[in-house]
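Please report on the side-chain contacts and the overall make-up of the protein shown here.

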Amino acid sequence: MELEHKALWALRQLNLDMKTTGTNRVTDLHELEEFRFQAFKSARLYKEQMKMMHDKHIVDRNFKSGELVLLYNYRLRLFSGKLKSRWSGPFRVVQMFPSAAVEIESEDETNKFTVNGQRLKHYLGMENEKGGREMIMLEEP
């Protein structure tokens, strides 16, 4: 009898009442679910903001047949020099494909090949007095 009394006293001392413990457990589960929901909402907002920030730097490049473009030579990094331009050209656009690939040809129409549209930019050049072309390159944002 004395052992049972001490066990009951210990249960009350530790607040192990089944009804109180059950309500505390349910309350803790609700708080955990609310915390989880807030974390999910915060992560979603962060992802949306980062996507907007990255998307604003994407340049929409729409080329039309007959336009002049410059081609970025990414392999020139191996032999880079301070004054070497990685842009070659100008080339003439022949055809645009739906997958953002572009078919271009050299100005003398000897070479025709397909490249990724992200490697191209519009050529803004002008004729000089000798009949040659003068290249003007604009910095892209």
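R36 is exposed, at a relative accessible area of 57%; exposed means over 50% relative accessible area, buried under 20%, and partly exposed in between, with a 1.4 Å probe and protein chains only. The model is a predicted one, in which local features need pLDDT of at least 70 and side-chain atom pairs count only at pLDDT 80 or more, while totals for chains, interfaces and linings use all residues. Residues are numbered from 1 along each chain as its sequence is written, and side-chain values use heavy atoms, with hydrogens and water left out.

R36 forms a salt bridge with E33, where a salt bridge is a side-chain nitrogen of Lys or Arg within 4 Å of a carboxyl oxygen of Asp or Glu.

| R36 | E33 | 3.4 Å |

R36 and E33 both lie in helix α2, three residues apart, or about one turn of the helix. Helices (H or I, at least four residues) and strands (E, at least two) are DSSP runs, numbered from the N terminus. E33 is partly exposed, with 46% relative accessibility.

R44 and E48 are four residues apart in helix α2, so about one helical turn separates them. R44 is partly exposed at 39% relative accessible area, and E48 is partly exposed at 41%.

K51 and D55 are also both in helix α2, four residues apart, about one turn of the helix. K51 is exposed, with a relative accessible area of 52%, whereas D55 is partly exposed at 36%.

## The loop between α2 and β1

Helix α2 covers residues 18–55 and strand β1 covers 68–72, with S65 in the loop between them. S65 counts as exposed, at 57% relative accessibility. Leaving aside residues up to four places away in sequence, S65 touches V93, V94 and Q95, a contact being heavy atoms within 4.5 Å. S65 and M96 are 31 residues apart in sequence, and their C-alpha atoms are 7.5 Å apart in space.

K64 is likewise placed in the loop between α2 and β1 and counts as exposed, at 55% relative accessibility. From K64 to V102 there are 38 residues in sequence and 9.8 Å in space, C-alpha to C-alpha.

## Aromatic rings

A pair of aromatic rings is described by the distance of the centres and the angle of the planes. Rings of Phe, Tyr and Trp (its six-membered ring) pair if their centres lie within 6.5 Å; planes under 30 degrees apart count as stacked, over 60 as edge-to-face and the rest as tilted.

The structure holds two aromatic pairs. In one of them, the rings of F91 and F113 have centres 5.8 Å apart and planes at 75 degrees, so the pair is edge-to-face. This pair links distant parts of the chain, with F91 in strand β2 (residues 87–96) and F113 in strand β4 (residues 112–116), 22 residues apart. F91 is buried, with a relative accessible area of 13%, while F113 is partly exposed at 29%.

Another ring has a charged neighbour: K121 lies over the face of W87, at 4.4 Å from the ring centre. A charge sits over a ring if NZ of Lys or CZ of Arg is within 6 Å of the ring centre and within 35 degrees of the ring normal.

## The protein as a whole

The protein has two helices and seven strands, and along the sequence they follow the pattern α-α-β-β-β-β-β-β-β. Of its 141 residues, 16% count as buried. Among contacts between residues at least 6 apart in sequence, 40% join residues at least 24 apart.

The accessible surface of the protein comes to about 12,200 Å², and carbon and sulfur atoms account for 58% of this. Accessible areas come from the Shrake-Rupley method with a 1.4 Å probe; for residues, only the protein chains shown count as cover.
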